Each structure stands twice: as structure tokens, then as C-alpha cells.
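Morning, everyone. Today I want to talk about charged side chains and how they pair up. Please have the structure open while I talk.

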Amino acid sequence: KQRAYQVLRDGGDPRQAHKLLAKAVEVVADAGALTVLAELEMHNPLWRPRALDRLKQAVAIDPRHTGAWLALANYWSLRLEPDKQRRCLEKILLYDPGHREARHTLDLLGATRPC
């Protein structure tokens with residue numbers, strides 16, 4: 001995982017980072033690695049269903065992993081599913097009511113119900 005993160009930090013080939021992370025999560029899956037891997041996969045429309053599965057696994061492992069919830073919200077935004085996007089953002093606000101990005105995006109979505 002560390003090598004994959006280093007490749008991404010250094011602006012290296014994202015495909016190489018993807019291969020490294022995919023192997024790593026097969027051995028030990030953690031919410032952070034699954035989220036980064038899913039974010040890489042979301043760039044390829046053919047891999048988006050796999051990205052969704054990884055993000056669902058990430059929030060199952062760590063229900064308070066904000067990065068995973070934000071990535072899920074982004075996924076649903078790309079799929080033009082604002083209700084699902086809203087629910088992901090509301091999950092963040094349940095444990096972090098002051099999260100600015102989640103609150104701001106909900107405001108943009110026209111959220112009418114308080115969390």
C-alpha cells in the first residue's frame with residue numbers, strides 16, 4: 001500500500017498504483033486503501049460498479065470513514081442520483097455535524113430536512 005501511495009504522491013502512473021493497491025486489499029482490506037482504489041476506478045466508466053462495491057466495503061469496515069462517504073457521494077453524483085448522494089453526506093453529519101464540505105454540498109443539493 002505504501003508503494004502505491006508513494007506512486008500517487010509522486011505523480012506516477014495511476015495504473016501502477018491501482019495494481020499495487022488491488023493486490024494489497026486482497027491481502028488486508030482497510031477503508032482507506034479501498035477508498036483510494038475506488039477513486040482510481042471511478043475514472044474508468046467500466047470499473048465504476050467495482051468502485052461502488054469497494055466503497056460499500058470501506059464503509060462497512062469503518063462506518064466513520066469520511067473519505068469513503070465523500071467518495072460514495074461523488075459516485076452517486078456522477079450517476080445523477082442526488083437522493084443517494086444526499087444520504088451519504090447525511091451519514092457524515094451524523095458523526096461530524098460540523099463537516100463543512102458535507103454541509104455545503106447538502107445546501108447546494110437543496111437539502112430540506114435537518115440531520
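**Salt bridges, pair by pair**

Start with Glu41 and Arg50. These two form a salt bridge, and their closest N and O atoms are 3.9 Å apart. Keep in mind that this is a predicted model.

How exposed are the two partners? Glu41 has 0% relative accessibility, so Glu41 counts as buried. Arg50 is partly exposed, because its relative accessible area is 36%.

Now the second pair. Arg54 forms a salt bridge with Glu41. Here the closest N and O atoms are 2.9 Å apart. Buried or exposed? Both Arg54 and Glu41 are buried.

On to the third pair. Asp83 forms a salt bridge with Arg86, with the closest N and O atoms 3.0 Å apart. Both residues lie in helix α6, residues 82-95. They are 3 residues apart, about one turn of the helix. Asp83 counts as partly exposed, because its relative accessibility is 48%. Arg86 has a relative accessible area of 10%, so Arg86 is buried.

How many salt bridges does the structure hold? The total is 3 salt bridges. That's my part. Over to you for discussion.

Technical notes:
Residues are numbered from 1 along each chain as its sequence is written. This is a predicted model: local features need pLDDT of at least 70, side-chain atom pairs count only at pLDDT 80 or more; totals for chains, interfaces and linings use all residues. Side-chain values use heavy atoms; hydrogens and water are left out. A salt bridge is a side-chain nitrogen of Lys or Arg within 4 Å of a carboxyl oxygen of Asp or Glu. Buried means under 20% relative accessible area, exposed over 50%, partly exposed in between (1.4 Å probe, protein chains only). Helices (H or I, at least four residues) and strands (E, at least two) are DSSP runs, numbered from the N terminus.
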